[in-house]
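Work through the exercises below with the model open beside you. Try each task before reading its solution.

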Amino acid sequence: MDKSTHDDVPDSVLITPTAPIANHTHGGRAKCLQRLVRLDLPVPTTVALSFEAVHAIANGGMPDLAAIVGCFAPDALLCVRPSSEDPDWGGPGAILNIGMNDARYVELCQSLGREAAAALYLRFVQSYAVHVARLDPDAFDDVEDNGPDALSEVLSAYEAETDEPFPQDPAEQLAAVLRSMARAWEGTSARLLRQAKGAPADAGLGLVVQEMVPGYGQGECGSGVLQLVNPGTGMPQITGRYLSQSQGRDALGAGTEALYLERDARGPSLEESAPEAFADLKAHASLMRRRLREEMQVEFVIQSGGVHILDGVRVTRTAQAAVRIAVALAEDGIIPREEAVMRVDPRLSAEVLHRPGVPDAQGRGNGGGIAARPGAATGRLVFTAAEAQASAARGEPCILVRRETSPEDVRGMHAAVGVLTERGGMTSHAAVIGRGLGLPCIVGASNMKFDTRRKQLTAVDGRVFVRGDIITIDGSSGAVLAGQPEMLEAAEDGAFQTLLTWADDQRDIGIRANADTPEDAETARKFNAQGIGLCRTEHMFFEPGRLTVMREMIFAETSKGRAAVLARLLPMQRDDFQALFRIMEGLPVCIRLFDPPLHEFLPTSKTGQRELSEALGIPVSDVTRRVEEMEEYNPMLGLRGVRLGVTVPEIYDMQARAIFEATLDASKEGEPVVPEIMIPLVSAKREVELVKARIDAVALAVKAERGEDFTYRLGVMVETPRAALRAGEISPHTAFLSFGTNDLTQMTYGMSRDDAGRFMSAYVNQGVFPEDPFHVLDTDGVGELLKLGVQRGRAEHPDLTLSICGEHGGNPESIAFCREAGFDYVSCSPFRVPVARLAAAQLAISSQIGDSRKKSAKL
């Protein structure tokens, strides 16, 4: 049994305290069982097969079965379970009762009775037939009971389907089970599924062969699982299930401690039936928690009142539970705070903040299906993965609608805020991947009509939703609702706030938020952002009360006329900025000056142009002519950003005055405000000089008029490759450079972020790009520009503040790049701030661990 492979890892090894077993050679389950053996817990005899051995089995080889079987008692029944390196990667289902045959059946009839023995044998034959022999489950549909007659029918059906009797040799059964599980792991579907969960393509699988403890005999007998926390909330609570073989009932119930302690309609609790076994189980679970430094689910069998531990697995948990468990382990002194921070996946931590659902969703829904992943989400309907990616690139939340998803849709699922499918169940592709991504998901919505060709969705009441319509899915109830109904708010979680406080103690890069409105700023403040890294002022001009004024300014013929119209917008802008300053309470607020091309404010339809002519009191022909004059072939590269500020300087003059007046007003009621003003789309030093001169002049004028002093910081938003390359000559004129990675990526690639979704999946699948550069920062191409900008900017201005403010700022991978490149902070959407805080802390902790190891290696 100790025959070694080429790398000296035994093919199979009996699990003992000193056996050569490791996660990367035999998998997590095998290693955990060894730890339980070392804790002197009552673990049945177990043999572990290495990754190499299982790979060989899949390719036709087989370990020494006689040696494996020889480790167990001659009459023992065995089970085989998967042991992957990471339990989240899954694996084939366990096969139980290997070794059950006609002779063993006769023996068990004498000790258990014919009915119980037949049921045991029957379950094994059916499991073997479907999962090992790969027979159609329909072949056994006519079997209606579990007695001896049913056993005879199943054995006959097996022989009819395979043209051979059911195998009787335990070694032959074991070989077939091992071969089936090994090949299932290496199949295409299994590989794609685990890759979607983050596993490498060549991830290995170990197998453990374990003696089954018969859960029958004198006294209390049965089997179950127990854990010390609620897996949904993470709160301390004994939960689990226990099936008493002696009484044929569920003695633990659905997971409330009261069912352990009190008698109910189903009979006494386990604590009443077997108090010593119950106490032992709690003690074992507590020992595992302390020594394994994790909340563990204990799989156990009670045999004549004695407890046997079959396995210990990490408790499956929601994101909320993961946070509470990590914090509780740290507060109990079992793990350090730094490790608690490292244990929570930053991406899934956002799930704690998700709205849990819609009140009375079922009664208000327009259709629905199976609630596959809790949480509610609202977005525009899209019907392809490419549309979802394009929507995400525009910053528009979307719901991806498919008949059923496939691996090709995974990138679209990453981009969407929710997924709705016509087909599928709780183990369908959409459900599994949705849960892995923390994505609200409804599957099997068969009461709605899906027409993906016409890109429309018909509700149960006949209402038709088309692409672009806003819907809400409630993954907690399975309901689909029109529009954006009022939702339940995410619960405030003290443990999450504690974890983030610990994270803030560790991270070494700042985290700000992109916020355009007071509501965004409130959210940013709630999540402890260190200021606003990007406030896009153009959003303020699209409000109905301001849009007409903007259009009037566009039609003004002279500089004086434009200034007069903009004076009416000044108090509105001043109020906007004052609200942001007051909400942020002295934290920095970086305001980007007006960026979009002016033609976006003009109506394109005839009806809209007529309405505008009436509002402005000018002929329709004048409106039409002006619209045509302002039309651009490529507006994203046309008259916008700083180019507009240079050619139509009255806009920036008004905004600068509004910022400075708001600064003085807000400073009267709190800490002094030091606003940051950012010039967008810069390509040349001279642009900065021209805009800076006018802003400085406005500042002097406001100081003179108000008789009060203030300071401000002027910076540049680096969105063009030329600005990054010429950062050395731009930086002496600025206090900061903030890299807008959305547009910088677009211009570097020469690729529209709005349209790239149409072909991006094909590009990634064919290896043109490793990832969508609009979702994951391209650290090679765009990253090289960022590094050049940092190096050249700081070379001429050592105290220069550097940041990125594109949505990449919320990605853990991007934060890692920014730390290494020397950025001072990143800025992202408010709801991504907690994710960024946690990711930044984990990077800092990992860096500290790496530095410690390097020092130790030198010593």
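**Exercise 1.** At what angle do helix α5 and helix α6 pack, and how far apart are their axes?

*Solution.* Some conventions come first. This is a predicted model, in which local features need pLDDT of at least 70 and side-chain atom pairs count only at pLDDT 80 or more, while totals for chains, interfaces and linings use all residues. Residues are numbered from 1 along each chain as its sequence is written, and side-chain values use heavy atoms, with hydrogens and water left out.

Step 1: locate the helices. α5 covers residues 102–112 and α6 covers residues 114–131. Helices (H or I, at least four residues) and strands (E, at least two) are DSSP runs numbered from the N terminus.

Step 2: read the geometry. The angle is about 145°, and the axes are 7 Å apart. Axes are lines fitted to C-alpha atoms, for helices over the stretch in contact; angles run from 0 to 180 degrees between N-to-C directions.

Step 3: assign the hand. α5 and α6 make a right-handed crossing. A crossing is right-handed if the near helix is turned clockwise from the far one by less than a right angle, and left-handed if anticlockwise.

Step 4: list the contact (heavy atoms within 4.5 Å). From α5 come Asp102, Tyr105, Leu108, Cys109 and Leu112. They meet Arg114, Ala116, Ala117, Ala118, Leu120 and Tyr121 in α6.

Step 5: sort by class. The α5–α6 contact has nine nonpolar, no polar and two charged residues. Here Ala, Val, Leu, Ile, Met, Phe, Trp, Tyr, Cys and Pro count as nonpolar, Asp, Glu, Lys and Arg as charged, and the others, Gly among them, as polar.

**Exercise 2.** Describe how α24 packs on α28.

*Solution.* Step 1: take the angle and distance. Helix α24 (residues 559–584) and α28 pack at about 35°, with axes 7 Å apart.

Step 1: assign the hand. The crossing of α24 past α28 is right-handed.

Step 2: sort the contact. It has twelve nonpolar, five polar and seven charged residues. Leu566, Leu570 and Phe577 are among the α24 residues involved. The α28 side includes Met654, Ala658 and Ala662.

**Exercise 3.** Trace the pairing around strand β20.

*Solution.* Step 1: check burial. β20 (residues 470–474) is mostly covered, with four of its five residues buried.

Step 1: find the partners. Strands pair if DSSP finds at least two bridges between them. Strand β13 (residues 376–382) pairs with β20 over five bridges, in the antiparallel sense. Gly379 has Ile471 as its bridge partner. β20 also pairs antiparallel with β21 (residues 479–482), over four bridges. There, Thr472 has Leu481 as its partner.

Step 2: find the turn. β20 and β21 form a hairpin with four residues between them. In the turn, Gly478 has a positive phi of about 85°.

**Exercise 4.** What is the strand order in the open sheet of five strands, and what lies across it?

*Solution.* Step 1: write the order. It is β1-β2-β5-β3-β4, with antiparallel pairing. β1 (12–14) and β4 (95–98) are the edge strands, each pairing on one side only.

Step 1: take a pair. β3 (residues 78–84) and β5 (residues 205–211) are joined by seven bridges. Arg81 stands opposite Val208.

Step 2: α2 (residues 28–38) lies across β2 (46–49), β3 and β5, at about 110° to β3. Its buried residues include Ala30, Cys32, Leu33 and Leu36.

**Exercise 5.** Is Val315 buried or exposed?

Step 1: apply the cut-off. Val315 counts as buried because its relative accessibility is 1%.

Step 2: list contacts. Val315 touches residues including Val229, Pro231 and Met296. The C-alpha atoms of Val315 and Val229 are 8.4 Å apart, across 86 residues of chain.

Definitions and conventions
Buried means under 20% relative accessible area, exposed over 50%, partly exposed in between (1.4 Å probe, protein chains only). Lists of a residue's contacts leave out its neighbours within four places in sequence.
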